Amino acid sequence: MSAYYSTIDTPVGPFTAIETDGTVLASGWTSSIDDLIGLIHPRLRPAELTNRKELGDVTKAVAAYHEGDVTAIDSVPVRQESGPFMLAAWDALRGVMPGEPVTYTEYATLSGRPLAVRAAAMACARNAAALFVPCHRVLRSDGTLGGFRWGVQTKRWLLDHEAQSE
């Protein structure tokens, strides 16, 4: 499989996405493709990557999100691969609305397994398609941020941005 990648500047730093046929395989706040390629499941990992200036609807959605249209990312297709719980958890995460973060406990319930809080946290940690699968919208039960692959300061910016865009 071949895929394309592009990096754009955002207010919170460079954002790179890898896509094939308009479907995001991996993304995050980095300018290095090396930070993303290892996140893609081996069965989906492209054999060939080509840099492009932009990725059509994917790039437009990222730019629109950072400019204040926080729902612009909702219709962008994402493809990840894992077991049934992870897939269900990532799907559930796409239903968490901007400006309405949930706790890991609530996220486990949304994912269909209320007692699987650690598994829900692992789904966030293994999410390759940051922003499009908005793991930044999950908080610790005490309301603190918890971790984020792209930095806690990025997570704080995203949550503040979404709260202001309501």
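**What I'm looking at.** This is a predicted model, where local features need pLDDT of at least 70, side-chain atom pairs count only at pLDDT 80 or more, and totals for chains, interfaces and linings use all residues. Residues are numbered from 1 along each chain as its sequence is written, and side-chain values use heavy atoms, with hydrogens and water left out.

**Overall build.** I looked up the secondary structure and got 6 helices and 6 strands; these are DSSP runs numbered from the N terminus, with helices being H or I of at least four residues and strands E of at least two. Along the sequence the pattern reads β-β-β-α-β-α-α-β-α-α-β-α. The C-alpha atoms fill a box of roughly 40 × 35 × 25 Å along the principal axes.

**Inside.** How much of the chain is buried? Buried residues make up 49% of the 166 residues, where buried means under 20% relative accessible area (1.4 Å probe, protein chains only).

**Helix α5.** Next I picked α5, residues 117–126, and found A120, A123 and C124 buried. Why do they line one face of the helix? Seen down the axis of α5, the buried residues fall within an arc of 100 degrees, so they share one face; the arc is that of the directions from the helix axis to the C-beta atoms. I also checked what covers them: the list includes α3 (84–93), α4 (104–110) and β6 (138–139), with contact meaning heavy atoms within 4.5 Å.

Conventions. Buried < 20%, exposed > 50% of the residue type's maximum accessible area, 1.4 Å probe, protein only.
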